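Subject: Handover of a structure

Dear colleague,

Please find below the structure that I am handing over to you. My notes on what was found in it follow directly after.

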Amino acid sequence: MIIDMPDTDTREVSKRLVQLREANGVVTVGRVLTLVVCTLDSSEAEDAIDAANDASREHPCRVIVLARGDRTSETRLDAQIRVGGDAGAAEVIVLRLQGDLVSHENSVVIPFLLPDTPVVAWWPRGAPDFPSKDAVGRLATRRITDATFAPDPQSTIKARRNSYAPGDTDLAWSRITYWRALLAAALDEQPFEAVESVTVSGLRGEPALDMLAGWLAARLSCPVVRQTGDLKVEIHRPSVSIAISRPQEGRTATLTRTGEPEQRLALARRETRDCLAEELRHLDADDIYAEALTGIERVSYE
């Protein structure tokens, strides 16, 4: 069910939500969090809603989508409520802001926050330089950004170190979860020698690889080089070299180890909805993410 409410206000939207709950049995009991999605415009909102709806099947929540319009136009709020099959396991409130409301997003959001549940803020694109200091970010216990879609992804992920506050994370980090698992498993085999060096290569505009390089630099305390080229991670020990490679758009990786036959491993690129669902599983500070950000400073770029 989709209900459009053009040129309205937060009070009218709240009243309509109560009416829906009374008339159709729409309830907020069982919602584990409120997800506030800050989008740049209405055209971006639908992709974000699709990802949030998919993630809500694992994490039932109220989704509040802020779609920013023209700051210079007449002040206006157009709302839309989605429940039932159009909202996954969520309850979606789309708020399209015009004029002065664009500068007061937090005031528009507050009336719709579920009581006694955590608040998560997500910026699919156009994240603030300091998420924890943003008006919406201050309402949240967890703040999710995505450097992948920034104008300069590599510079953006590097800057996350200076703006980091407990509760921050970036989807570039969750995109390498499977890579981290495979590399950890490969290193946990004989010979148990110290790692001498690591090379991480791939597209320059893929911040997930910068996060991977930073994580390896922080964890292994060895020289790590980040290169532009084919997608590959090479780990060098005194007597053994290990490499995991995958075509840029492939779904299967190849693991090679000195003196052993090649292995084929499933390693598809993760979709945004999967990364978002992962980040919603834990709402505390991600210390390993913070450590990986620090590790980026130790990476050499070629």
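Two strands are said to pair if DSSP finds at least two bridges between them. Helices (H or I, at least four residues) and strands (E, at least two) are DSSP runs, numbered from the N terminus. By these terms, strand E2 (residues 33-39) pairs with strand E6 (residues 119-122) in the parallel sense, over 4 bridges. Within this pairing, threonine 34 stands opposite valine 119 in E6.

Please note that this is a predicted model, in which local features need pLDDT of at least 70 and side-chain atom pairs count only at pLDDT 80 or more, while totals for chains, interfaces and linings use all residues. Residues are numbered from 1 along each chain as its sequence is written, and side-chain values use heavy atoms, with hydrogens and water left out.

The chain as a whole

The protein chain contains 9 helices and 15 strands. Its C-alpha trace spans about 70 × 35 × 30 Å along the principal axes. Of its 302 residues, 51% count as buried (buried means under 20% relative accessible area, exposed over 50%, and partly exposed in between, with a 1.4 Å probe and protein chains only). Among the contacts in the chain with a separation of 6 or more, 72% are between residues 24 or more positions apart; contact means heavy atoms within 4.5 Å.

The sheet and a hairpin

An open sheet is formed by 8 strands in the order E1-E4-E5-E3-E2-E6-E7-E8, and the pairing is mixed. Strand E1 (2-5) and strand E8 (168-170) stand at the edges with a single partner strand each, so one side of each is left without a neighbour in the sheet. On average, neighbouring strands of this sheet are turned by 15° against each other, direction ignored; the axes are lines fitted to C-alpha atoms, for helices over the stretch in contact, and angles run from 0 to 180 degrees between N-to-C directions.

Strand E13 (residues 252-257) and strand E14 (residues 260-266) pair in the antiparallel sense over 5 bridges, with threonine 254 opposite arginine 264 in E14. These two strands form a hairpin with 2 residues between them, and glycine 259 in the turn has a positive phi of about 80°.

Backbone details in the loops

Most residues other than glycine have a negative phi, and most peptide bonds are trans. Aspartate 7 is exposed, with a relative accessible area of 53%. Serine 221 lies in the loop between helix H7 (207-220) and strand E10 (224-228), and its phi is near 50°, a positive value in a residue other than glycine. Serine 221 is exposed, at a relative accessible area of 62%. The peptide bond from glutamine 190 to proline 191 is cis, with omega near 0°; proline 191 is found in the loop between helix H6 (177-187) and strand E9 (197-202).

A buried glutamate

Glutamate 44 lies in helix H2 (residues 42-56) and counts as buried, at 10% relative accessibility. Leaving aside neighbours within four places in sequence, glutamate 44 is in contact with Cys38, Thr39, Pro124 and Arg125.

With kind regards
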